[in-house]
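Please look over the structure below before reading the briefing.

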Amino acid sequence: RQQAVLQKAENNLNEDKKNVEKKLEDYRKTLITYAYETELIAQKLDTVVADDEIEEYYKANQNNFELKDNIIKVIYLKLNKKSPKMDKVRNLYRSNSTKDREALAEYCHQYAVNYFLDDQTWLLFDDLLKEIPIKTYDKEQFLQNNRNIEIEDSSHVYMVSIKGFMIKNSTSPLSFEKNNIRSLIINQRKLKLIEQMEQKAYEDARKSGDVEVY
């Protein structure tokens with residue numbers, strides 16, 4: 001089939017369009033250059049980014065970090081309706097004390113269908129809505145007016161404690177952007193490394209007479 005299509009193309013294209021030598025050579029050059037750049041990056045790129053460098057980048061570019069979605073700090077639990085000690089859990093998940101949090105973690109480990117207890121990490125509100133059957137037509141208003149929510153369906157109880165939130169279109173917090181900034185800084189280093197390599201290759205070629213400037 002491949003040969004039949006090739007023969008059809010040979011018969012129907014004019015000579016100019018069948019001349020692929022230059023395209024093949026350009027493609028070869030691109031592949032070789034890319035392979036060299038990849039090897040150079042693997043050997044010389046510094047991928048360690050300090051926290052103070054991330055913070056400095058964030059402060060200098062805050063206008064570029066606008067939230068596209070609502071984010072929250074939250075604790076949530078999904079329990080079977082027949083789970084034991086439900087009244088105790090209702091008090092525990094609202095509490096901020098370390099002792100109560102440890103007790104809640106132990107309870108969740110034994111009985112929860114699903115849970116999330118790290119209220120120092122920002123999550124997308126939409127991701128929470130995939131786990132908890134919260135129904136709202138105005139997400140921003142919901143976040144502004146709710147802190148502790150309990151919802152039931154036919155077989156489960158959902159407990160949610162919203163510890164913090166930020167509305168979309170506001171400035172995204174540093175902790176939410178940290179990994180993104182780390183990637184941006186590494187990519188900048190990568191581009192700079194390639195640029196330096198290209199400049200040095202050009203200068204070396206000029207010194208050795210391999211290139212001539214007209």
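Helices (H or I, at least four residues) and strands (E, at least two) are DSSP runs, numbered from the N terminus. This is a predicted model, in which local features need pLDDT of at least 70 and side-chain atom pairs count only at pLDDT 80 or more, while totals for chains, interfaces and linings use all residues. Residues are numbered from 1 along each chain as its sequence is written, and side-chain values use heavy atoms, with hydrogens and water left out.

**Overall build**

- The protein has nine helices and five strands.
- Read from the N terminus, the order of these elements is α-α-α-α-β-α-α-β-β-α-α-β-β-α.
- The protein is more spread out than a compact globule, because its radius of gyration is 29 Å, well over the 17 Å that the globule rule gives for 214 residues. The radius is taken over C-alpha atoms, and the rule is 2.2 Å times the number of residues to the power 0.38.
- Taken along the principal axes, the box filled by the C-alpha atoms is roughly 80 × 55 × 35 Å.
- Of the 214 residues, 28% are buried. Buried means under 20% relative accessible area, exposed means over 50%, and partly exposed lies in between (1.4 Å probe, protein chains only).
- Among contacts between residues at least 6 apart in sequence, 74% join residues at least 24 apart. A contact means heavy atoms within 4.5 Å.

- Helix H4 spans residues 51-60, and its buried residues are Ile54, Tyr57 and Tyr58.
- These residues cover an arc of only 100 degrees around the axis, which puts them on the same side of H4. The arc is that of the directions from the helix axis to the C-beta atoms.
- What do the buried residues of H4 pack against? They pack against helix H9 (174-208).
- The face of H4 turned away from the buried side carries Asp52, Glu56, Lys59 and Ala60, which are exposed.

**Salt bridges**

- Side chains of opposite charge can pair when their charged atoms come close.
- A salt bridge is a side-chain nitrogen of Lys or Arg within 4 Å of a carboxyl oxygen of Asp or Glu. By this rule there are 13 salt bridges.
- Arg90 and Asp87 form one of them, with their closest N and O atoms 3.1 Å apart. Both residues lie in helix H5 (residues 86-92), three residues apart, which is about one turn of the helix. Arg90 is partly exposed at 21% relative accessible area, and Asp87 is exposed at 57%.
- Another salt bridge joins the side chains of Arg101 and Asp119, at 3.3 Å from N to O. This pair links distant parts of the chain, 18 residues apart: Arg101 is in helix H6 (residues 98-111), and Asp119 is in the loop between strand S2 (114-116) and strand S3 (123-124). Arg101 is buried, with a relative accessible area of 16%, and Asp119 is buried at 12%.
- Asp126 and Lys139 also meet through their side chains in a salt bridge, at 2.7 Å from N to O. Here too the pair links distant parts of the chain: Asp126 in helix H7 (residues 125-131) and Lys139 in helix H8 (residues 139-145) are 13 residues apart. Asp126 is partly exposed at 28% relative accessible area, and Lys139 is partly exposed at 30%.

**Ser172**

- Ser172 lies in the loop between strand S5 (156-166) and H9.
- Is Ser172 buried or exposed? Its relative accessibility is 0%, so Ser172 counts as buried.
- Leaving aside neighbours within four places in sequence, Ser172 is in contact with Tyr58, Phe65, Glu66, Leu67 and Glu177.
- The side chains of Ser172 and Glu177 are joined by a polar contact of 2.7 Å. A polar contact is a pair of N or O atoms within 3.5 Å; within protein, one must be able to donate a hydrogen and the other to accept it, and residues adjacent in sequence count only if both atoms are side-chain atoms.

**Glu152**

- Glu152 is in strand S4 (residues 148-152).
- Not counting residues up to four places away in sequence, Glu152 touches Lys81 and Val157.
- The side chains of Glu152 and Lys81 are joined by a polar contact of 3.5 Å.
- The C-alpha atoms of Glu152 and Ala50 are separated by 45 Å, and the two residues are 102 residues apart along the chain.
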